[in-house]
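Reader: Hey, can you walk me through this one? I'd like to start with the strands.

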Amino acid sequence: MTKELKKLDEVTIRFAGDSGDGMQLTGSQFTSTTALLGNDLSTLPDYPAEIRAPAGTLFGVSGFQIHFGKKEISTPGDTCDVLVAMNPAALKVNLHSLIDGGVIVANRDGFNDKNLKLAGYEKNPLDDGSLEKYQVHAVDITKLTTNAVLDLGLSTKIAERSKNFFALGMMYWMYTRPVESTVRWIQEKFSKTPELVEANIRVLKAGYAFGETTEIFHAHYEVEAAALKPGTYRSVTGNEAVAWGLIAASVKSELDLFLGSYPITPASEILHELAKHKNFRVKTFQAEDEIAGISSAIGASYGGAIGVTTTSGPGMALKTEAMGLAVMLELPLVIVDVQRGGPSTGLPTKTEQADLLQAVHGRNSEAPIPVLAACTPAGCFDAAFEAVKLAIEHMTPVILLTDGYIANGAEPWLIPPVKSLPDISAKFRTDPNGFFPYMRDEKTLARPWAIPGTPGLEHRIGGLEKENITGNVSYDAENHELMVKIRQEKVDRIANYLPLAKVDGDEKGDLLVVGWGGTYGAIKTAVEEKRRQGKSVSHLHLKYVYPFQKNIGDILKNYKKILVPELNLGQLALLLQAKYLIPVIKLNKVQGLPFRAIEIEQKIDEILK
Amino acid sequence: MKLVDKILKDAPAIPTKKYIAKDFQSDQDVRWCPGCGDYSILAQVQRVLPELNIPKHNLVFVSGIGCSSRFPYYLDTYGFHGIHGRAAAIASGLKVARPDLSVWVATGDGDGLSIGGNHFIHICRRNINVKILLFNNQIYGLTKGQYSPTSEFGKITKSSPYGAPDHPFNPLLVALGAEASFVARSLDRDPKHLQTIIKRAAEHQGTSFVEIYQNCNVFNDGAFSTLTEKETKDDNIVYLEHNKPMIFGKEKDKGIKLEGFTPTVVSLKDGKYSVSDLIIHNEKDTMLSFILARMSNIPELPQPIGIIYAVARPLYDDVVTEQIDKAIAKQGIGDLEKLLKHGETWTIK
Ligand code: SF4
């Protein structure tokens with residue numbers, strides 16, 4: 001019997017299970033396969049802070065959402081069309097995001113008495129009629145998995161572990177995706193344990209065949225490739241893109257990359273990724289703490305390398321004093337803060353945008369540092385590259401803000417031709433005649449990079465206030481004020497080197513929605529939807545949060561109202577109001593979760609009603 | 001060739017010459033209190049540097065905060081006055097990024113063992129080729145006289161008017177416990193000895209740790225007087241020499257003998273013991289190094305001065321370089337195009 005094949009423009013699937021169920025892996029495999037088919041997509045992993053939270057509990061649920069389609073996709077989706085639930089807890093935690101009439105694929109074996117109790121169900125929701133408004137497919141995934149590998153002689157525990165591949169196989173069938181890319185991945189990943197290669201591939205294919213042959217599913221779906229710009233694409237997460245952007249900057253500038261970093265969620269993958277690429281002469285120094293991470297990076301920059309440190313909020317706090325040192329030394333340095341929920345340890349695996357003021361102002365005294373914010377996973381590549389370029393060409397530390405959402409989220413990326421990347425020109429001083437460490441470039445006010453090993457340039461620098469030009473220690477009152485102003489002016493002048501900001505939508509109108517960083521996709525989706533409905537609303541998204549681009553003030557004046565949605569209590573709003581003296585309407589969410597487009601749409605409706 | 005190598009290769013050359021101590025004096029006025037032990041340490045370093053045959057543009061002195069940390073300003077080499085406690089971390093990054101440089105750290109008991117204690121132990125265990133001179137004056141000088149992590153228990157200071165409740169660190173044991181490959185101690189008031197130790201520290205491959213007893217004549221005057229005054233020093237110090245028996249005393253009439261694991265003082269005069277009963281110092285003996293370092297905690301014993309421990313162990317900076325060289329030999333120098341296109345890609349026409 002051939003089953004009906006229906007076409008869809010876009011679909012959102014959420015895989016959910018215990019944190020030990022391999023849902024992240026299942027989701028990322030579905031993502032690569034979907035990307036290879038040419039769909040546009042966006043993903044959101046959502047996992048608990050505990051590595052292995054107790055099985056079956058509500059707080060141990062790990063989820064992965066993928067939104068893909070033949071049209072342009074900017075967010076992982078506000079709601080999902082399909083929920084794959086490996087146990088009752090996964091169902092309970094995620095059901096609210098499933099649309100009415102949506103599909104539930106549940107692992108019936110996971111809905112045993114113990115798990116039902118842990119999830120707080122008195123009766124089995126698969127049988128009690130409470131899921132009537134959904135299309136429920138209860139499949140004995142665990143049993144079918146163990147049956148598929150019966151003759152391999154694996155222990156039950158090991159055999160059951162493959163059950164996520166069964167679910168993946170079913171989803172591949174349901175959305176007509178080929179299994180090959182995952183088969184290749186399994187072969188590589190488990191190459192040391194051939195029995196697991198065999199087991200996982202068999203289970204994956206069994207899941208696919210189950211969809212095809214059983215009576216449970218009546219139809220399957222096709223989502224055609226999106227009309228993306230021509231070129232070579234790959235799927236990339238924000239953390240990978242940061243790492244590659246840094247490497248690209250190292251290649252372009254011909255400078256060695258040095259990463260001093262202490263592992264921290266959700267930034268560690270940047271360290272992992274950079275540690276792999278020794279043949280790019282990347283040096284990764286896993287420091288003893290956050291302070292040593294940045295201090296070692298400053299030491300490396302002093303020696304002529306691109307010093308980088310990567311962290312998240314709590315680590316940013318610890319690096320504060322050293323950032324001030326870098327300001328004083330006027331050395332290039334890149335500090336990447338992958339923001340997470342805070343304060344303190346907060347919500348390590350959840351996203352937030354609440355480190356903005358910390359990045360812009362969070363240091364003792366007047367210590368200006370340019371701050372960039374990446375907007376999408378793929379956008380992290382350009383942002384990291386640009387952070388290095390600004391740091392080197394303006395001899396300053398630069399902060400790059402990303403967040404847990406774009407760091408872990410993935411999307412297709414049009415790989416830029418290497419030739420198209422801008423040059424980065426480091427200006428090393430070698431001439432001892434007339435050299436002073438704090439003499440400056442007239443335009444940028446950058447001081448010379450005079451690295452140890454250069455004959456005749458021996459000099460001393462440090463955290464004490466410098467005398468203008470000579471760099472000698474100076475406690476002189478007027479000199480101090482002069483130096484404070486010069487350091488500020490140097491950072492302010494960076495605005496002269498930034499491209500002007502561009503608005504999506506009309507250049508004038510009733511409402512401008514101003515966002516920054518990782519809320520890009522949600523705001524874009526919301527504004528586009530409202531524009532389709534004929535509303536006078538435009539979107540401005542800031543990549544440069546300090547200093548602002550030169551035309552921001554002019555742009556803001558062209559709209560009757562300004563809405564600033566942020567995953568904090570209004571930090572960009574504060575900066576915009578302070579700088580441009582304009583009223584703004586705030587939309588704030590601090591739940592450890594990204595905005596849903598609908599939340600922004602509702603706010604727009606409320607303002608424009 | 002990488003840009004930095006190119007820049008340094010093409011930099012205008014400076015005529016080479018044989019340095020003298022004076023060549024290492026910077027143009028800055030030295031601002032330590034008159035009579036401070038730091039002057040002697042600076043002078044000894046300036047005397048040793050010419051003997052190392054390292055062009056002065058390849059020398060970098062990194063420091064943290066404190067009286068000791070003003071050190072780099074007074075040396076005509078590259079100098080980096082960092083932030084409190086972080087010199088070891090800054091120096092680690094610099095040395096790993098630039099293994100061609102000779103990197104030194106000047107620190108104190110507060111900077112290196114209190115606020116910077118974490119970085120100190122980790123640079124030791126990594127064995128990064130950095131030379132650490134720790135000026136131990138057992139007091140906070142720059143902040144005007146609080147007790148430090150090496151001040152004696154019960155010490156009366158501004159911040160401990162009823163006596164310090166803290167038990168002190170023994171820096172040698174901290175370094176040994178942190179797996180340092182070179183651990184030595186010298187005195188500001190013994191210039192010749194200090195010079196020898198600095199030279200050995202410079203020649204050692206790996207993290208070299210030198211504790212220098214330094215007199216702060218303003219806030220802790222005389223802390224080491226029994227070790228530096230003529231009348232008492234010979235009876236209170238035992239100079240360690242590799243492969244030599246541990247003899248000391250004005251008349252060279254006393255020695256250190258091991259009773260089980262406990263070092264004890266024996267007289268060589270009364271005929272009961274001879275030189276052959278004494279400990280023969282061995283810089284490479286790990287067990288012995290701990291016993292010798294512990295001697296400073298026992299008031300009845302003389303303080304060991306000299307090289308406690310010196311062994312060869314793989315260098316962190318070498319390992320990093322080797323891994324890179326190997327990766328390049330195996331995979332070729334990194335190709336950005338290839339990196340961005342590795343794994344699964346797809347093309348849209
Ligand atoms: S306070 Fe003490 S250690 Fe500091 S310079 Fe004066 S004498 Fe030397």
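Author: In strand E4 of chain B, B:Leu133 is the bridge partner of B:Ala106. This is a predicted model: local features need pLDDT of at least 70, side-chain atom pairs count only at pLDDT 80 or more, and totals for chains, interfaces and linings use all residues. Residues are numbered from 1 along each chain as its sequence is written, with chains lettered from A and ligands numbered from 1 in the order in which they are written.

Reader: Ok, and over how many bridges do E3(B) and E4(B) pair?

Author: Six, in the parallel sense. Strands (E) here are DSSP runs of at least two residues, helices (H or I) of at least four, numbered from the N terminus, and two strands pair if DSSP finds at least two bridges between them.

Reader: Why is E3(B) largely enclosed?

Author: Because seven of its seven residues, 102-108, are buried (20 or more other C-beta atoms within 10 Å of a residue's own, C-beta atoms being placed from the backbone; exposed is 12 or fewer, partly exposed in between). B:Val103, B:Val105 and B:Thr107 point one way from E3(B), and B:Ser102, B:Trp104, B:Ala106 and B:Gly108 the other way.

Reader: Switching topic, which strand of chain A pairs with E2(B)?

Author: Strand E17 of chain A, residues 460-462, in the parallel sense over three bridges. There, A:Ile461 stands opposite B:Phe80.

Reader: And how many residues does each chain bring to the contact?

Author: Chain A brings 68 residues and chain B 60, where contact means C-beta atoms, placed from the backbone, within 7 Å. On chain B's side, H3(B) gives the most, with eight residues.

Methods
Two residues are in contact if their C-beta atoms, placed from the backbone, lie within 7 Å.
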